[in-house]
Amino acid sequence: MNDVAPDKSIVFEDVSKFYGEVLGVNRVNLSIPPGITSLVGPNGSGKTTLMNLMTGLVEPTRGRISVLGLSPRQPEQLFRRLGYCTQYDSFPRGLTGYQFVYSYLRLFGCGHAKARELAVQAIGRVGLGEAAERSIASYSKGMRQRIKLAQAICHNPAVLVLDEPLNGLDPLIRAETIALFRALAEQGLHLIISSHVLHEVDVISDQVVLLSNGYVVAEGEIRGVRDEIQEHPMQILIRCNQPGALASQVFLHDYVVEARVLHDGMGLLVKTRDADRFYLLLNRIAQNGIDIESVAPADDDVLSVYEYLIGTEEPPK
Amino acid sequence: MSFRKLPWALWRRQIAAVVRLELKKTLFARRGLWIYFLAFAPVLLYAAHSFVLIKAGRRGDFGEDTHMFAAVFQFFYLRLAIFFGCVGIFMNLFRGEVLDKSLHYYFLAPIRREVLLVGKYLSGLLAAAVIFCCSTLLQLVALYWYFNSNVIQDYLFHANGLGHVAAYLGVTLLACIGYGSIFLAAGVLFRNPLVPTLVVLLWETISGVLPPLLQKCSVIFYLKSLCPVSVPASITLDKGSLLTLLAVNVNPASTVTAILGLLTLSVAVLALSSLRLRRMEIEYGAE
């Protein structure tokens, strides 16, 4: 995925995990750089297994994992630099939101004052300040999700692993949480996020890892991944005043496989096997009198890539 | 890293944090109410006994009551109350969190799993010691409550009574240490707590007829050796009876050997648990 030094990235080397005879993930080779990386795939594709492997909650059957140069089998060092917000919607009994985060910080060896300060800070960042003294048992799903997030970020980790972190959040909180993720990524953090909501993945991710049946089927920046999918011609949407004339011109070239006028008659959807040559062609056409308003790729988002590579095992949202 | 360079101060703080978290859960859990009942049932029994004698205006026999206490202590309190109390407290330290799906919070903290194990064990031990040592003391108070204060003073200060009280408290504490370590290990090693509980119960019951070396691998062997008052033959009935088998220690260990033996056994069991815990994975889905 990148050439970042091993002590600055998360590295999977030929990692496999089997639960008895059931495959978790198989032969995974990854190097995840800083920024937001989304793990995308249907249920059972291996997203959570991959997260549990990098945090040492499960051990690989084979292969080696390194998180910023640390092994997941060194919890005393690893979890000072890593926070993990799991998908488990369960909490230690009888704690308030504040006690939950505070107690976790005491496990770090923090004194009372330091733990209190960090807990209040983290709870404030996820917008739960007013509910901090309430029992977690009385929290809504979205609040429970946020208090878990507060616990994961409370010690200012360099790596944040988030398993379906947007589940249960209302649209406003969802937007705020995504903004928080972006801010953290801009600070140089690694954010590893799994999500089913593909349009959100598309908006927030710097790179994606697509998983299917325990295998990594694609990884990298989403546009780079799309470029490598040769069997599906690239779709390009062109807004212009003369779509018919444009269609007749682009059809003269063998790398254009389809051109369809849009319903509103103000544009053209083109499928091409060579996007670079097609863009050069468009430049020439634009100089010859057809007024082209905009040109945009129509299928280099996560949803399209997901459908091309993984198919319709699970309808994406 | 040399022994002295190990981060002892950090581990101490982390253990204290674990104990703080766990103690509240262990001591005040609603699902642990039956442990209180088990622990304090003998207190109610002795209080009722004293009350009936006072009401009837009868004078009790101090020696007989002392032997009755020894019998109840060995047959009921050690073998059932503390045994099953420790099952309830220690087995749940890890097993309960797996069932609650909350163990991963500990596994995601920068804490060595051995340190976590020590913290959890100490919290369980503290809770068990508070409950069962309090009960032991209250049992003695309830038992001797109806005697004249001169008789009690004579017993305490001139007839080794204080020594007996200390010994019973010590045995109670050691029972918590021994059974605690075993059931904490069972909670780490086994998914179904019933099977190890029954196996340990059987082992502890038959330990009296095992070869001397195997007897030393049971907690009750050391506890029986440390009990200050033997159960009289009139209670244990004839020589081959089950009660004799339970109560009599043919070759009791000396006090020092018994204490060191039990502590060594507990440390060995805890060390075994820590090896398993080190490689323990979070797989709630399989529960």
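Visitor: Where should I begin with chain A?

Guide: Start with the overall picture of this predicted model. Chain A holds 11 helices and 13 strands, and its C-alpha trace spans about 75 × 45 × 35 Å along the principal axes. Buried residues account for 43% of its 317 residues. Of the contacts in chain A between residues at least 6 apart in sequence, 67% link residues at least 24 apart.

Visitor: How do I read one helix, say H9 of chain A, and which of its residues are buried?

Guide: The general idea first: an α-helix has 3.6 residues a turn, so residues three or four places apart point the same way. In H9 of chain A, residues 243-250, the buried ones are Pro243(A), Leu246(A) and Val250(A). Viewed down the axis of H9(A), these buried residues lie within an arc of 60°, so they line one face of the helix. Gly244(A) and Ser248(A), on the other side of H9(A), are exposed.

Visitor: What do the buried residues of H9(A) pack against?

Guide: Their partners in chain A are strands E10 (234-240), E11 (256-261) and E12 (267-272), together with helix H10 (275-287).

Visitor: And how should I think about nonpolar cores?

Guide: In soluble globular proteins, nonpolar side chains tend to be buried together. Here the largest nonpolar core has 150 residues, and those touching the most other members include Val101(A), Leu105(A), Ile82(B) and Leu223(B). Helix H3 of chain B, residues 62-100, contributes the most to this core, with 18 residues. A second, separate core has 12 residues, among them Met234(A), Ile236(A), Leu246(A) and Val270(A).

Visitor: Which residues does Ala119(A) touch?

Guide: Setting aside residues up to four places away in sequence, Ala119(A) touches Tyr98(A), Val101(A), Tyr102(A), Leu105(A) and Cys154(A).

Visitor: Is Leu93(B) buried or exposed?

Guide: Leu93(B), found in helix H3 of chain B, is buried, because 26 other C-beta atoms lie within 10 Å and the cut-off for buried is 20 or more. Beyond its neighbours within four places in sequence, Leu93(B) is in contact with Glu22(B), Lys120(B), Gly124(B), Leu184(B) and Gly187(B).

Visitor: How do I describe two helices that pack together?

Guide: Two packed helices are described by the angle between their axes and the distance between the axes. Take H7 (residues 161-189) and H10 (residues 219-226) of chain B: their axes come within 10 Å and cross at roughly 175°. H7(B) and H10(B) are therefore roughly antiparallel to each other. The residues making the contact include Gly170(B), Leu174(B) and Gly178(B) from H7(B), and Tyr222(B) and Leu226(B) from H10(B). By class, this contact has 10 nonpolar, two polar and no charged residues.

Visitor: How many residues does each chain bring to the contact between A and B?

Guide: Chain A gives 23 residues and chain B gives 23 residues. On the chain A side, helix H2 (75-81) and helix H3 (97-107) each supply at least two residues. That side has 11 nonpolar, seven polar and five charged residues.

Visitor: Last one: what should I look for in the backbone angles?

Guide: Most residues other than glycine have a negative phi, and most peptide bonds are trans. Asp14(A) has a positive phi of about 50° although it is not a glycine. Asp14(A) sits in strand E1, residues 10-19 of chain A, and counts as exposed, with 12 C-beta neighbours inside 10 Å. Asn213(A), also not a glycine, has a positive phi near 50°. Asn213(A) lies in the loop between strands E8 (207-212) and E9 (215-220) of chain A, and with 15 C-beta neighbours inside 10 Å, Asn213(A) counts as partly exposed.

Key
Residues are numbered from 1 along each chain as its sequence is written. Chains are lettered from A and ligands numbered from 1 in the order in which they are written. This is a predicted model: local features need pLDDT of at least 70, side-chain atom pairs count only at pLDDT 80 or more; totals for chains, interfaces and linings use all residues. Two residues are in contact if their C-beta atoms, placed from the backbone, lie within 7 Å. Helices (H or I, at least four residues) and strands (E, at least two) are DSSP runs, numbered from the N terminus. Ala, Val, Leu, Ile, Met, Phe, Trp, Tyr, Cys and Pro count as nonpolar, Asp, Glu, Lys and Arg as charged, and the others, Gly among them, as polar. The arc is that of the directions from the helix axis to the C-beta atoms. A nonpolar core is a set of buried Ala, Val, Leu, Ile, Met, Phe, Trp, Tyr and Cys residues joined through C-beta atoms within 7 Å. Axes are lines fitted to C-alpha atoms, for helices over the stretch in contact, and angles run from 0 to 180 degrees between N-to-C directions. Angles under 35 degrees count as roughly parallel, over 145 as roughly antiparallel, 65 to 115 as roughly perpendicular and the rest as oblique.
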